[in-house]
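Here is a friendly walk through one protein model, written for a reader who likes to keep the structure open alongside the text. Please load it and follow along.

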Amino acid sequence: MMNLYRLSNVLVITVTTALLLSLMVILALGGFSLLAYLKTSLIQMFGFVIAATASLFFFMRLIHQMHSRAYVISMVIFIVGIALFLSVSIGRMYMFQYPMYVESYGPGKGPGLPLNNVLTFFRHIGQFEWIEDIAHDPNNVPEPVVSQTNTSGNVTKITLETKEVLAELAPGITFNYWTFNGTVPGPMIRVKEGDTVELTLHNHSTSLHQHNIDLHAVTGPGGGGEATVVEPGESKTIRFKTLNPGLFVYHCAVPNMAVHMTHGMYGLILVEPEAGLPVVDKEFYLMQGELYTTGAIGRKGLQVFDAKKMLDSQPEYVVFNGRTGAVVDNMQVNVGDTVRLYVGNGGVAMNSSFHLVGEIFDTVYPEASMNGAQFKNVQTTNIPAGGATIVEFTVDYPGHYVLVDHALMRTDKGAWGVIEVIGEKDPSIFEKVEINN
């Protein structure tokens with residue numbers, strides 16, 4: 001019996017020491033800021049360890065009371081069997097990454113999160129800029145090209161910066177975003193068909209990863225991606241001609257491409273046709289995206305990217321402009337205004353069924369096609385992953401109009417916004433009728 005007591009004391013000391021060492025390692029890696037980010041996860045881990053320790057106490061006493069050599073041998077065989085299963089369950093072992101034992105077959109490295117990357121992130125967490133609002137303002141749409149002033153001769157010059165930052169994806173929930181110019185989506189680029197564009201991509205010195213840019217508007221290897229791979233602190237420049245009009249997605253294409261995109265690295269480039277677009281009263285810029293986090297939806301604290309959920313196409317969050325609520329109270333128009341929405345899909349798994357509740361799209365540029373067929377009087381339009389659309393409509397009646405991905409369960413994951421229309425009511429268009437029986 002004394003041996004059991006002695007073993008129990010060793011267990012308590014070992015577990016307590018391990019917990020204290022964990023706290024010391026976290027403080028050494030990232031200080032109290034990292035400790036604050038991991039508070040929720042640490043409470044969960046400590047609770048699990050305490051429960052596991054209590055279970056182990058019970059297990060030891062059970063073995064001690066049974067005094068059965070066969071029982072002990074069977075437990076040893078069970079443990080060895082589990083170890084063998086884990087070691088060979090998949091041909092190549094990924095024991096020190098999250099998720100464990102997941103192999104993929106795309107270009108470059110798989111989407112798993114190696115332990116070394118986690119430790120590097122923790123060590124450098126203090127250097128990441130905290131962004132108060134990661135969402136790109138949907139009102140921030142460049143003026144038509146005729147009024148642009150950032151040209152030199154016949155060359156339009158554009159500079160983008162890739163930067164890894166920390167920001168809230170929902171109240172109390174932090175995510176490590178990878179961005180173009182510090183927002184999700186990145187800035188909307190607006191050029192003209194036939195323009196020559198000189199684009200410089202700079203990777204901020206605090207980034208931990210290399211990045212690049214693949215513009216779907218570019219005709220050339222990798223859409224410019226092959227020529228723009230930039231290490232932290234490095235810059236590269238490409239020059240291209242806009243051969244085709246349309247609204248195109250741009251994104252980071254460093255393998256694993258899906259990992260970079262679902263961290264927020266996407267945006268839109270509008271190549272206006274030579275004749276330009278019809279004049280409207282108001283334009284907005286929106287992009288849908290997916291976020292895959294280890295914690296379930298609503299879990300507070302720092303959330304880490306979950307490769308397994310991405311491979312299974314199961315995002316915890318589906319949002320417009322980078323976070324929940326990003327386009328809920330910041331789009332306003334007047335009755336009678338003509339409105340144009342530039343909408344892209346930066347998601348890596350899902351198409352978007354884009355719909356505006358209470359309005360009908362007068363004109364849809366299908367898949368953002370220009371100088372081709374246009375759809376009229378459309379209720380819902382498809383935006384494929386890595387694609388875009390342009391919709392135009394006139395607002396005839398005041399109120400709050402909700403925009404959604406009409407795969408409506410995604411509204412619960414964050415995919416919705418509101419356009420507020422201000423003006424006088426016209427009862428000939430709509431009115432609530434009170435009927436007295």
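## Aromatic pairs

F121 and F122 are both buried, where buried means under 20% relative accessible area, exposed over 50% and partly exposed in between, with a 1.4 Å probe and protein chains only. Before going further, note that this is a predicted model: local features need pLDDT of at least 70 and side-chain atom pairs count only at pLDDT 80 or more, while totals for chains, interfaces and linings use all residues. Residues are numbered from 1 along each chain as its sequence is written, and side-chain values use heavy atoms, with hydrogens and water left out.

Rings of Phe, Tyr and Trp (its six-membered ring) are paired if their centres lie within 6.5 Å; planes under 30 degrees apart count as stacked, over 60 as edge-to-face and the rest as tilted. By this rule there are eight aromatic pairs. F121 and F122 make up a tilted one, with 6.0 Å from centre to centre and 45° between the planes. Another tilted pair is F361 with F393, at 6.1 Å centre to centre and again with 45° between the planes. This second pair links distant parts of the chain, since F361 sits in strand β19 (residues 361-365) and F393 in strand β22, 32 residues apart. F361 and F393 are buried as well, and together with F320 and F354 they form one aromatic cluster.

## The protein as a whole

The secondary structure comprises six helices and 24 strands; helices (H or I, at least four residues) and strands (E, at least two) are DSSP runs, numbered from the N terminus. Of the 437 residues in the protein, 46% are buried. The protein exposes about 21600 Å², and carbon and sulfur atoms supply 59% of that area, as computed by the Shrake-Rupley method with a 1.4 Å probe. Among contacts (heavy atoms within 4.5 Å) with a separation of 6 or more, 73% are between residues 24 or more positions apart.

## Strands and their partners

Two strands pair if DSSP finds at least two bridges between them.

What covers does β12 have on its two sides? All seven of its seven residues are buried: Y266, L268, L270 and E272 point one way, and G267, I269 and V271 the other. In general, side chains in a regular strand alternate between the two faces of the sheet.

Strand β13 (residues 282-291) is largely enclosed by the rest of the structure, because nine of its ten residues are buried.

| Strands | Sense | Bridges | Residue pair |
|---|---|---|---|
| β7 and β12 | parallel | four | V191 and V271 |
| β11 and β12 | antiparallel | six | Y250 and G267 |
| β9 and β11 | antiparallel | two | L215 and Y250 |
| β13 and β17 (338-345) | parallel | seven | E283 and R340 |
| β13 and β15 (317-320) | antiparallel | four | G289 and V319 |

## Nonpolar cores

A nonpolar core is a set of buried Ala, Val, Leu, Ile, Met, Phe, Trp, Tyr and Cys residues joined through side-chain atoms within 4.5 Å. The largest one has 30 residues, and those with the most contacts inside it are L169, Y177, L247, L268, L270 and Y342. Elements giving two or more residues to this core include β5 (155-170), β6 (173-180), β12 and β13. The largest share, four residues, comes from β5. Apart from this core lies another, of 27 residues, among them W178, V230, F240 and V271.

Y177 deserves a look of its own. Leaving aside neighbours within four places in sequence, Y177 is in contact with residues including I134, K163, L169, H263, L291 and R323.

## A buried threonine in a loop

Where does T228 lie? T228 is placed in the loop between β9 (214-215) and β10 (235-241). T228 is buried, with a relative accessible area of 0%. Not counting residues up to four places away in sequence, T228 touches L201, H211, N212, I213, K236 and I238. The T228 side chain also reaches the backbone nitrogen of I213 at 3.1 Å.

Key
A polar contact is a pair of N or O atoms within 3.5 Å; within protein, one must be able to donate a hydrogen and the other to accept it, and residues adjacent in sequence count only if both atoms are side-chain atoms.
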